[in-house]
Amino acid sequence: MLQQVHSFKTDSNPVFHMRYGGGHINDTYMVLDDTGRLYVIQKINQNVFRNPKAVMENVHAVTAYLRCRVEKLREALCLVPTKSGEDWLVDEAGDYWRMYYFITDSIVLHQAADPRDFQESGFAFGYFQRQLADFPAEKLHETIPNFHNTPDRYRLFKEALKADPMGRAKNVSREIEFALAREEYAGTLMRLLASKDLPLRVTHNDTKLNNVLFDRDTRKAVCVIDLDTVMPGLSVNDFGDSIRFGASTGAEDEVDLSKINLSLDLLESYATGFLSACRDSLTQCELHHLRDGAKMMTLECGTRFLTDYLGGDKYFATKREGHNLDRCRTQYKLVAEMEKYWDEMQSIILSSSRS
């Protein structure tokens with residue numbers, strides 16, 4: 001570990017390092033140099049990211065682009081180069097390492113204390129969209145192929161349903177019917193992309209609250225972090241995944257479905273923040289289909305949970321029997337809520353785009 005730390009061109013001599021953060025994928029450490037400057041160094045998990053070079057090429061391209069377009073340096077992540085001038089290190093074991101300058105006086109929120117936190121996260125991801133609106137997304141690697149190709153997710157679901165290796169299909173007929181009834185809808189956004197009605201964008205693909213840094217004192221959004229899943233995609237999906245995760249009134253694995261509802265107030269908070277930052281850089285087609293992004297990401301996520309349940313819980317980690325089925329049910333309940341409030345969702349989003 002010391003060898004990796006000293007391979008980077010820190011401002012002064014590193015004197016201390018320790019484990020940092022609550023992430024479950026990459027190994028992350030805080031580093032202190034003898035002037036008191038802080039850094040974050042990470043070893044990329046190659047079990048999750050099978051092509052770490054492509055991941056780092058994306059991260060390098062996006063951070064370099066953002067650094068030229070922010071008003072304050074703390075508004076974008078900045079890679080620390082290695083002493084040989086590279087933006088990442090490959091050590092003797094073949095592990096990939098990267099170092100960032102630590103953004104001081106910032107905090108990560110794992111839960112919104114009030115709607116203002118959710119609105120600020122919306123602003124952060126909207127600002128991320130606006131900053132990268134002119135970036136040629138096709139030049140980035142697709143590090144996770146077909147990540148939000150919902151028809152392909154349905155293909156995998158139907159394969160798991162046909163194989164039914166655990167004999168579970170007979171117990172989930174309602175969930176199967178729910179998914180199949182929306183199969184035609186599932187291709188909506190990919191068809192719009194194919195026809196070029198929806199533009200290809202640089203997307204974050206993990207737009208959760210805890211991937212935004214907030215100022216410790218003002219609680220205003222500072223910048224977006226965790227760029228490993230940045231790749232070409234649809235802006236409406238980034239918007240939608242935030243709504244899926246943040247505008248639900250219950251936990252993703254809640255057993256009591258009566259607790260799962262769509263909060264229109266939280267939808268409005270997020271849409272207000274997001275669109276105040278990027279409405280001028282979105283097309284009319286993107287604005288019109290933001291609510292489809294919310295429904296599509298929720299439907300896709302629920303179908304992925306159902307697929308994994310049918311296949312024997314091979315992908316998502318589970319903590320109890322039927323855990324993936326519980327997750328599927330919460331997502332499908334949220335889809336039903338969105339369908340119930342479909343017109344209201346559009347009214348809120350369009351109103352937010354004009355305010």
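Strand 1 and strand 2 (residues 27–33) are paired antiparallel through five bridges. Two strands count as paired if DSSP finds at least two bridges between them. Opposite Phe-16 stands Leu-32 in strand 2. The structure is a predicted model, in which local features need pLDDT of at least 70 and side-chain atom pairs count only at pLDDT 80 or more, while totals for chains, interfaces and linings use all residues. Residues are numbered from 1 along each chain as its sequence is written, and side-chain values use heavy atoms, with hydrogens and water left out.

The sheet is open, has five strands in the order 1-2-3-5-4, and its pairing is antiparallel. Strand 1 (14–19) and strand 4 (89–90) are at the edges with a single partner strand each, so one side of each has no neighbour in the sheet.

## Overall make-up

The protein has twelve helices and ten strands. Helices (H or I, at least four residues) and strands (E, at least two) are DSSP runs, numbered from the N terminus. Along the principal axes, the C-alpha atoms fill a box of roughly 60 × 50 × 40 Å.

A second open sheet has three strands in the order 6-8-9, with antiparallel pairing. Strand 6 (106–108) and strand 9 stand at its edges; each has a single partner strand, so one side of each is left without a neighbour in the sheet. On average, neighbouring strands here are turned by 35° against each other, direction ignored. Axes are lines fitted to C-alpha atoms, for helices over the stretch in contact, and angles run from 0 to 180 degrees between N-to-C directions.

Three bridges hold strand 6 and strand 8 in antiparallel pairing, and Val-108 has Leu-213 in strand 8 as its bridge partner. Helix 3 (residues 115–131) packs on this sheet and touches strand 8 and strand 9, its direction making about 120° with that of strand 8. Contact means heavy atoms within 4.5 Å.

Strand 8 (residues 212–215) and strand 9 (residues 221–224) run antiparallel and are joined by three bridges. Phe-214 has Ala-221 in strand 9 as its bridge partner. The two strands form a hairpin with five residues between them, and Arg-219 in the turn has a positive phi of about 60°.

## Helices packed on helix 11

Helix 10 (residues 290–311) packs against helix 11 (residues 323–340) at an angle of about 155°, with the axes 8 Å apart. That makes the two helices roughly antiparallel; angles under 35 degrees count as roughly parallel, over 145 as roughly antiparallel, 65 to 115 as roughly perpendicular and the rest as oblique. The contact of helix 10 with helix 11 has twelve nonpolar, five polar and four charged residues. Ala, Val, Leu, Ile, Met, Phe, Trp, Tyr, Cys and Pro count as nonpolar, Asp, Glu, Lys and Arg as charged, and the others, Gly among them, as polar.

Helix 5 (residues 173–180) also packs with helix 11, at about 45° and with the axes 11 Å apart. Helix 5 and helix 11 are therefore oblique to each other. Helix 5 contributes Glu-175, Phe-178 and Ala-179 to the contact, and the residues from helix 11 include Leu-325, Cys-328 and Tyr-332. By class, this contact has seven nonpolar, no polar and two charged residues.
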